[in-house]
Amino acid sequence: MKVLEERLDARIPDGPLDQKWTRHQGEMKLVSPNNKRKYTVIVVGTGLAGGSAAATLAELGYNVLSFCYQDSARRAHSIAAQGGINACKNYQNDGDSVRRFFHDTIKGGDFRSREANVYRLTELSTDIIDQCVAQGVPFAREYGGTLANRSFGGAQVSRTFYARGQTGQQLLLGCYQAMMRQVNAGKITLFPRTEMLDLVVANGRAIGIITRDMVTGKVEKHCADAVVLATGGYGNVFYLSTNAKGCNVTAGFRAYRQGAYFSNPCYTQIHPTCIPPHGEHQSKLTLMSESLRNDGRVWVSKTPGDKRAPDQIPDEDRDYYLERIYPSFGNLAPRDIASRAAKRVVDEGRGVGPTGVGVYLDFRDAIGRLGAQNIAAKYGNLFDMYQRITDEDPYKVPMRIYPASHYTMGGLWVDYNLMSNLPGLFVIGEANFSDHGANRLGASALLQGLVDGYFVLPYTIGDYFARFKKLDASADHPEFDQAEARVKDRIRTFLSINGRRTPDSFHRQLGQLVWDKCGMSRNAEGLKEAIARIPEIRQEFWEDVKVVGSGEDLNISLEQAGRTADFIDLAELMCRDALAREESCGGHFREEHQTDEGEALRDDERFCHVSCWKSNGTDPDPDLILEPLVFENVQLATRSYK
Amino acid sequence: MNLTLHVWRQKGPAAAGRMVTYQARGVSPDQSFLEMLDGLNEELITKGEEPVAFDHDCREGICGSCGMVINGVAHGPEQTTTCQLHMRSFEDGDEIYIEPWRAEPFPVVRDLMVDRSAFDRIISAGGYVSINTGSAPEANATAIRKEDADMAFDAATCIGCGACVAACKNASAMLFTSAKVSQLAKLPQGQVERKRRVLNMVERMDQEGFGNCSNYQECEAVCPKGISTQNISVMNREYLRATLTGA
Ligand SMILES: Cc1cc2nc3c(=O)[nH]c(=O)nc-3n(C[C@H](O)[C@H](O)[C@H](O)COP(=O)(O)OP(=O)(O)OC[C@H]3O[C@@H](n4cnc5c(N)ncnc54)[C@H](O)[C@@H]3O)c2cc1C
Ligand code: SF4
Ligand code: FES
């Protein structure tokens, strides 16, 4: 690893924090309305980030090409988000404000995010609710007809808007519908069941992508004036995660190979309230919304190895450990804190359930206080889902939960304009690194996706077009042929190996290794071991993977192979990043760096920066560039939720 | 447990399809139906055969991707999505017949995968509120009765899976279309385009080749989100109103 001297310019506007965005907007150059139709933008991804961006760009007059791997834009992974979306409207009159939301987010991210980005996120949060309500998103309401709120981990105010347990679905349908309106108007061309397999860069600028039609197998070139990646997170590197099965890192990783910087890959969020794993055939883990922690109480037995049924364990033998250790936040402690606390009690042998890997989330008291009917009205669909999966009735027996990989704070590096270091390549939503630092507070990912797509990118992309000379880009560029050749070559290689093992078996093996060595807690020894093991897995993969069928066809094993290959390379980068960051912060817990009480111990002297990795081609040893984080408006403090 | 699976295999939209029999062994009752199929696919790939193609993504019953007809019933025996169906609903030794959605407007892409893009085209015909980004009024400026919000929400939970179409003898898309029509008709935001919306969406639905509703109620019986056929009555009323009074 070489640390380069290069300085990364995040292009943060001058001036006081609360005026940066407004001033920047005023200073940005505009593209005149009749010129907008001369520009074409590729948007990869139709989740909250990509969907809202595509709809808005088209509405402004740009031509949009929209890509996703699902059969319809409406099925992007954002649809699965349950809990809610944050916005500091202060409707509850409980003292919320942009400042407070900003502070919670900076602190929640363990002081590893950019002040200016976070401030803008919280500032624009209020507009998002207006926008979604106007679209007809049916948020929960009070009897008086006003919007309802609830609270989420890491906050002491109620600032989360929700639509039962299906907030992501309703928000996504809102922007999908806005997109379909533009499809009807002829401004968006849809490419569903199409996978982006490479990025095309010419003279340092992103000018297009290479895709594979997942039905016909056709490899195609698409040229545009800018490329927007809204391709989501890479949590599936662990194989088991709460992410949809198709979530992958390919788009981001191919861009990294073409020169885009990958930032903070080791920051992955482990969510505390998932249904525990049960068997070796399992394909994914299911999240139980964090909102359950508003009413559910988390506990385990005080004595290790206590095998009694939960209703046989009297209160004095129970350890409500979150309430005990973190009295002011209790069951609503932030995710990283709650996850590690669960791991500790399980490691002590106090875990519950048949596998001993799990803790209780108990609604007994809430049902006693509010009645089963009220609990059903609030969480009914979540309880049903739990019952369907576990065959246990959570109204009678406490739920069992355990942490699982959920969200990735790392991603491609972007500046304040959401542009990567490659001009013309923009990255939004979970695919970028920018807003959440080392830990994301609940209900802020949906917010970020929509803020990026509806309110930030549409302005900043115009500024880019107005400042840079328009490209005479066409798919005839030699770089397109090279990129196409790279893609075809890779496909041919996969098909020619004809080994013995399925792509999925490699993915599972890789996932277990990364979970063990670079999961909820890490140490130098384990990380070094993983960095030594991953190249072995890679080598075996490229010698022994079995991909059946042909390239000119719908081919599931080919898709899996491509994604697994990129996960293998990403896993190595993650471990290198985790090893280099010799401190603990947020979701990144290095065992060597903890307080006497087992809490994360940051090292602001040495690590108050963003790590940006620059690929050295296929050489697995990348270079590191630092973006120092400057805090002018908050004081770096040890996080405490006690 | 051990099961005998009869799976529809079809290379492409134009190719002829047929049922192929496979044995699934050592299936755990805690596995989901799709995990059981994953197991079959792993075996097929290892043997050098092509895996069974089916759509899926979230595996949480919310994205609407998955869907197959299991023993003659859309999504199988449990009125949930296929991904949320668990093998404990079956017994050791069972024979299971697995087929794709069968409806002309949903051509088979391959095996159990069908093309549901007709649904997208119905939405693009008017299933939205025409509001431009950045010009929205303050959210709490219009109060909406909780009952209305809840009713709109009930309709809005449709995941676009297409089971309603697959279950209907006429391949009618009324349940899907009406869910969107009545969601937006319930809300103040949806009023301006109310008439035009229903006319355009119904027209599109017909163009796509979906059949009419003749009240079999099969759609409601299989809908994993419990979308009510009352929405169809709402849509019929909306449609009538729009044709009588002009859009
Ligand atoms: C179970 C669950 C619950 C959650 N609940 C909440 C919550 O309550 N509140 C909250 O704020 N956040 C929540 N989150 C997090 C949040 O849902 C995500 O961070 C967010 O939706 C990501 O949105 P996105 O638009 O960036 O990406 P996604 O929605 O993941 O969209 C990615 C898009 O990229 C496309 N794509 C990816 N790769 C390619 C490729 N190579 N080629 C073509 N297309 C590609 C996909 O087709 C898809 O359209 C939850 C996450 C999970 C897993
Ligand atoms: S109405 Fe029900 S069955 Fe039909 S598409 Fe919607 S969710 Fe699926
Ligand atoms: S896979 Fe998403 S609903 Fe079944």
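User: How many salt bridges does the rule find across the interface of domain 1 and domain 2 of chain B?

Analyst: A salt bridge here is a side-chain nitrogen of Lys or Arg within 4 Å of a carboxyl oxygen of Asp or Glu. The rule finds one across that interface. The side chains of B:Asp55 and B:Arg116 meet in a salt bridge, at 3.7 Å from N to O. Keep in mind that this is a predicted model, where local features need pLDDT of at least 70, side-chain atom pairs count only at pLDDT 80 or more, and totals for chains, interfaces and linings use all residues. Side-chain values use heavy atoms, without hydrogens and water.

User: Where do the domains of chain B lie, and how much area is buried between domain 1 and domain 2?

Analyst: Interface size is often given as the accessible area lost when the parts come together. Domain 1 of chain B covers 3-110 and domain 2 covers 116-245, with bounds from an automatic or database domain assignment. About 1400 Å² is buried between them, and carbon and sulfur atoms give 63% of that; buried area uses a 1.4 Å probe and is summed over both parts. On the domain 1 side, B:Gln79, B:Pro105 and B:Phe106 lose the most area to domain 2 of chain B, together 41% of what that side buries. In terms of contact (heavy atoms within 4.5 Å), 18 residues of domain 1 of chain B touch 20 residues of domain 2 of chain B.

Definitions and conventions
Residues numbered from 1 in each chain as written. Chains lettered and ligands numbered in written order. Buried area = accessible area lost by both parts, 1.4 Å probe.
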